[in-house]
Amino acid sequence: MTFLQEKRAIGIAFIAAVLIAFVPSFATSYTVSMVMLLLLFYTLAQSWDWVGGELGYVNLSHYASYGIGAYVFAIAYTNGAHFLVALALASLVTSVIIALISIPLFRLQGEYFAFATLALLPLFDILASNLKSLTNGTEGIILPAEQVTGIAFLLMVGLAFLTFVTTTLIVHSPFGLVVRSIRDDEEAAESIGVRVLPRKIMVISAAIAATAGGIHGWYLSFIDPGTMFGLDVALVPIAMALLGGSALLWGPIVGVIVLVFLNQWLLAYFSILHAAFYGLIILLVGRYLPGGLLRSSLVRRIKFVSLLAKEHHERSSVSGNIVEGLDLTPPASGEQDVALECRSVSKNFGGNAALSDVSLTVRRGEIVGLIGANGSGKTTLFNCISRIYDVSSGEVLVDGQPITGLRKDEVAHAGIGRTYQIPRSFERMTVRENVTTALLGRSDPPRFEDALNEAARFVCYVGLGHHLDDSVSTLSAQKRKSLELARALATSPKILLIDEVASGLTPTEIDQFVAHIRELRDRYGLTIIWVEHIFSALAQVVDRVVVLEQGKVIANGTLDVVLTDEAVQRSYFGAKAAETEPC
Amino acid sequence: MLTVSNLQVEIDRLQILWDVNLKLEVGERVGLLGANGAGKSTTMAALLGMARANGGSIHLFEDDITNAATTRILAAGIGLVPEGRQLFPALSVEENLRMGCFLRAHRKAYRERLDYVYDLFPILKEKSRQMAGDLSGGQQQMVAIGRAMMGQPRLLLLDEPFIGVAPIVVTTVLDVLRRIAGNGVTVLLVEQNVHRALEFVDRAYVIDNGRTVHEGQSKALLNDGAFAEKFLGLE
Amino acid sequence: MAYLPDFGILAQLLINGILLGGLYALIAFGLSVIYGVAGILNFAHGTILAMISIAAAILFESLRLPLAVILLVLTPAGFVFGWVFHKVLLSPLQAREPHQRTIGTVLVTVGALIIIGDVTAVLAGAEQRVIRLSSTFFEIGSVIVSGTQIGILVAVSVSMIALHLFLVMSWTGSSIRAVAQNRIGAALCGADASNTSAMTFAIGASIVAIAGVLYVISYPVNPYSGFPLTVKAFSIILLGGVGNLPGTLIAGLFLGVAEAFVAFYWAPQWAPAISIIIVLGGLLLFPGLARTRRAA
């Protein structure tokens with residue numbers, strides 16, 4: 001979606017908001033309460049989706065923020081605060097509480113995170129029921145009887161609109177792209193320099209939910225633990241977001257509308273078991289349409305719907321042919337001579353010594369080949385350098401500075417770029433977006449528009465120009481390896497670690513690749529360590545070769561010398577080859 | 001005994017094997033050589049029904065086992081020592097071996113087979129109660145081979161069994177494999193170390209980019225001084 | 001020293017806490033095994049328990065069946081229910097990529113939670129039910145224990161031991177543990193991950209059935225009591241480690257005792273909050289707990 005489409009979406013939402021704002025003046029009170037409910041659930045569902053859909057952390061306690069907000073509002077209001085002040089307090093206090101709780105929460109990942117958030121719901125129910133002096137316990141708080149429907153309604157419309165706008169901002173911003181990279185592969189994202197505190201998004205999400213709680217509480221004029229923290233309702237906004245289509249701009253709206261109307265219809269026609277039917281719909285969606293309604297092929301056949309269902313991908317506003325060459329600055333002269341040093345690095349997994357006392361020095365501008373049989377520790381060494389693993393002992397230094405204790409993103413900023421043996425692309429993004437994320441991960445990132453354009457350079461450099469705006473999921477394994485390289489280069493590394501890129505390439509492609517390697521060093525001053533099995537490729541370009549066997553360095557020198565080394569021969573070819581030729 | 005004809009295998013929309021042809025007679029020791037990514041492991045997986053063939057066939061004696069269920073293939077007498085061993089790290093050595101007899105048909109012979117495996121690898125009997133995850137690479141490899149042998153296979157497939165195994169242990173394992181072959185088990189060995197493979201097998205196939213491109217008796221391949229270099233792409 | 005702790009009270013609280021904790025641990029066991037092998041977050045876990053508890057109470061009241069018979073009827077029923085539930089609803093989800101799988105599981109089990117709760121309420125009524133057993137009381141020192149409590153303790157212990165023996169000694173049990181640790185290795189041995197997952201889920205459901213019957217003897221249950229219990233089970237697993245049964249037992253006992261003490265020394269209504277505070281506190285103080293903790 002370009003900036004224009006973004007404006008259009010906001011425009012549509014604005015018109016809708018204005019129209020809805022007039023509803024109370026001509027509709028029945030039943031309709032008004034229905035619309036209020038729609039607005040409320042939309043706000044809750046959408047704000048949930050920022051954390052659950054965009055970031056990928058399934059937060060089941062979201063409804064609690066709504067309840068806390070309602071309570072803070074009610075307490076403040078009944079103590080004489082002006083309603084706007086009470087709302088602000090609701091938002092603020094909830095944000096602080098959620099921020100604090102997030103500290104231990106985000107130590108968990110995936111399903112463990114979901115487990116833990118689930119536990120928070122009944123906690124607040126209990127707190128609300130038992131902190132009687134504050135909350136009046138299970139009797140609840142009764143707000144002064146005033147005619148506030150009108151204002152509350154308008155506030156809710158405003159909040160819903162704000163939520164929508166925030167969504168477009170998050171989704172269409174560089175921040176949104178970076179957030180989605182975390183969802184796709186958090187570790188790979190960190191390795192290209194991305195650092196996002198999920199807490200930030202969680203707090204914004206909670207703040208919105210809390211404000212909605214305050215407004216709704218005011219509207220209801222009565223709050224109690226059951227209404228505010230009711231477990232039977234707590235998971236519904238989440239189901240709505242998922243039902244419509246998580247991580248889609250119009251997904252939560254669709255989900256909310258479908259489920260609210262469904263609920264009303266069921267209430268009207270099924271006096272008993274209406275909850276069960278409601279649950280059945282949710283279950284069936286989970287079973288058959290986990291991507292949500294907007295992603296199902298059936299639903300997409302409807303023309304209008306397919307418009308709503310477009311996944312958002314960033315494109316560049318600049319069209320036309322791509323310029324040659326990369327925008328990488330060679331390091332200034334006078335930089336340290338030794339680019340990378342490993343001192344006695346060891347890595348153990350249980351009883352297995354994957355690396356034993358590995359020491360090596362790589363000078364700036366060298367191209368070093370790293371070879372060894374399968375299981376000799378090459379990828380483990382790369383993982384120790386890029387901090388995917390913690391070393392068991394020893395040190396790794398870049399430009400003389402130890403990096404052994406740094407975070408993965410700090411290592412990327414220190415100048416280490418790498419590709420993975422099994423490509424770790426951001427699956428749900430396009431090729432361009434993958435590389436753009438790397439550009440945004442730099443310590444001094446370019447502007448978003450510039451990054452989107454720059455990405456094209458790197459993509460063309462590795463020969464994927466035709467696939468610039470294709471989804472990564474359509475790429476073959478070979479092309480993903482090329483994408484790995486483009487993305488690693490985009491981080492503007494000083495030292496590039498390449499893990500087995502050449503297997504599966506034709507001889508011509510190998511030659512091209514080797515030419516690139518040479519150019520990366522000659523023209524852009526990169527230092528390169530290259531893990532490879534195909535010696536003919538290595539022979540063309542490496543200055544030096546390091547041989548690993550069983551986690552130890554057994555040879556370190558030029559390729560011809562190393563290949564005639566007895567130990568190396570034994571490792572690769574077996575003892576016989578080291579003996580004399582047959583007569 | 002085993003006939004693989006024009007085998008084609010696709011994984012995740014990518015065609016990995018295009019045309020693999022192998023023939024093994026009972027009691028033979030055959031090697032499967034090739035560079036990384038050539039398709040050796042995929043061939044092994046297909047033999048065990050763990051990768052889907054979209055062309056060609058696999059026959060065990062007269063039985064067509066192309067795309068048969070793994071349980072059926074195991075019952076027919078094929079066992080695999082997979083790349084990376086795939087042990088159960090929090091189960092004891094003995095429990096790992098026991099899983100090798102999981103198939104209903106094999107359960108009766110459990111005690112007998114366990115004694116046989118302990119006879120092949122006495123050190124495993126010593127360490128029978130230790131967690132497999134705590135063992136050294138070589139010992140883990142023994143467990144993996146032992147586990148495959150528990151099912152009394154007629155055909156034993158080994159996929160790179162010497163990765164992460166100390167050279168001294170490799171010798172011990174090779175001796176055991178010779179014993180196993182001596183007991184009448186047909187062996188198909190995937191191995192990266194060409195000479196080590198050729199010392200053990202009678203003949204070998206070479207796979208390159210998903211196709212069998214070469215076949216020869218070990219002696220002939222060993223005497224071809226340039227074979228290893230050609231094979232590893234140094235030219 | 002003016003103040004001396006009343007050991008009688010401490011002991012009584014300890015006994016009560018252990019009883020409660022034992023039940024909690026048993027409930028968590030079911031979930032632990034399921035999650036460890038089938039990788040399923042079953043949000044409907046507690047709701048299934050509530051359903052069975054209510055069924056047990058009805059069987060007791062209207063048919064006057066002895067407890068042993070009720071257990072014998074409901075445990076296999078739980079097994080079958082679990083098997084079908086998994087095969088029909090959950091196993092197709094396993095083929096999906098992780099994010100979709102999590103979402104699918106959340107939606108399916110939440111949907112199931114709502115359906116089961118509502119259907120149970122409609123068929124059996126929404127009121128609290130409990131099985132009241134007349135029982136003799138024993139005095140050990142100043143501690144009073146009822147025969148029922150002892151019986152429950154024994155039943156819980158027997159169930160746990162039986163489960164442990166099953167997992168360790170039987171072929172199926174070994175295959176369950178194997179699949180949890182390495183699917184590929186297990187497939188090579190002929191242990192199909194999909195069938196094993198169904199079996200595991202069914203076993204988990206039978207454990208839940210047993211726990212449900214035992215639970216309703218001590219505490220009242222209504223169709224909506226399930227979810228808080230699910231939350232407790234999740235907290236226990238988080239503390240004890242997935243698939244780590246001894247750890248889960250300790251965590252469960254700890255939780256039960258903590259609740260008993262909090263209920264007495266502070267106020268009963270705060271007791272349920274303990275589990276959550278412990279989990280969050282534990283994660284805050286011991287970041288190591290947070291690393292993915294499957295049966296290593």
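Predicted model: local features only at pLDDT ≥ 70, side-chain atom pairs only at ≥ 80, totals over all residues.
Chain A contains 28 helices and twelve strands. Its C-alpha atoms fill a box of roughly 105 × 55 × 50 Å, taken along the principal axes. Of the 583 residues in chain A, 50% are buried. Among contacts in chain A between residues at least 6 apart in sequence, 73% join residues at least 24 apart.

One sheet of chain A is open and has six strands, in the order E8-E9-E10-E5-E11-E12, with mixed pairing. At its edges stand strand E8 (416-418) and strand E12 (552-557) of chain A; each has a single partner strand, so one side of each is left without a neighbour in the sheet. On average, neighbouring strands of this sheet are turned by 20° against each other, direction ignored. Helix H24 (residues 507-522) of chain A packs on the sheet, where it touches E5, strand E9 (495-499) and E10 of chain A. The direction of H24 makes about 155° with that of E10(A).

Within this sheet, strand E5 (residues 367-371) of chain A deserves a separate account. Strands of a sheet pair through backbone hydrogen bonds, either parallel or antiparallel. E5(A) pairs in the parallel sense with strand E10 (residues 527-531) of chain A, over four bridges.

How do the residues of E5(A) point? Ile367(A), Gly369(A) and Ile371(A) point one way, while Val368(A) and Leu370(A) point the other way, and all are buried. Because five of the five residues of E5(A) are buried, the strand is largely enclosed by the rest of the structure.

Chain A also holds an open sheet of four strands, ordered E4-E3-E6-E7, in which the pairing is antiparallel. Its edge strands are strand E4 (352-363) and strand E7 (401-402) of chain A, each of which pairs on one side only. Strand E3 (residues 338-349) of chain A is joined to E4(A) by eight bridges, and the two run antiparallel. Val345(A), for example, has Val358(A) in E4(A) as its bridge partner. Helix H19 (residues 378-385) of chain A lies across E3, E4 and strand E6 (393-398) of chain A, and runs at about 65° to E4(A).

The next topic is the contact between chain A and chain C. It takes 39 residues from chain A and 38 residues from chain C. On the side of chain A, the elements that give two or more residues are helix H5 (83-105), helix H6 (110-130), helix H14 (236-244) and helix H16 (274-288) of chain A. H6(A) provides the largest share of that side, 13 residues. By class, the side of chain A that touches chain C has 29 nonpolar, seven polar and three charged residues.

In soluble globular proteins, nonpolar side chains tend to be buried together. The largest nonpolar core has 356 residues, and those with the most contacts inside it are Met156(A), Ala239(A) and Ala486(A). Helix H8 (residues 193-218) of chain C gives the most to this core, with 17 residues. Leaving aside residues up to four places away in sequence, Ala239(A) touches Leu259(A), Ile282(A), Leu107(C) and Val110(C).

The axes of helix H5 (residues 147-169) and helix H6 (residues 171-181) of chain C come within 5 Å and cross at roughly 80°. H5(C) and H6(C) are therefore roughly perpendicular to each other. Where they meet, H5(C) contributes Phe166(C), Leu167(C), Val168(C) and Met169(C), and H6(C) contributes Gly173(C), Ile176(C) and Arg177(C). By class, this contact has five nonpolar, one polar and one charged residues.

Notes. Residues numbered from 1 in each chain as written. Chains lettered and ligands numbered in written order. Buried ≥ 20, exposed ≤ 12 C-beta atoms within 10 Å, placed from the backbone. Pairing = 2+ DSSP bridges. Contact = placed C-beta atoms within 7 Å. Nonpolar A, V, L, I, M, F, W, Y, C, P; charged D, E, K, R; others polar. Axes fitted to C-alpha atoms, helices over the stretch in contact; angles between N-to-C directions. Parallel < 35°, antiparallel > 145°, perpendicular 65-115°, else oblique. Core = buried A, V, L, I, M, F, W, Y, C linked by C-beta atoms within 7 Å.
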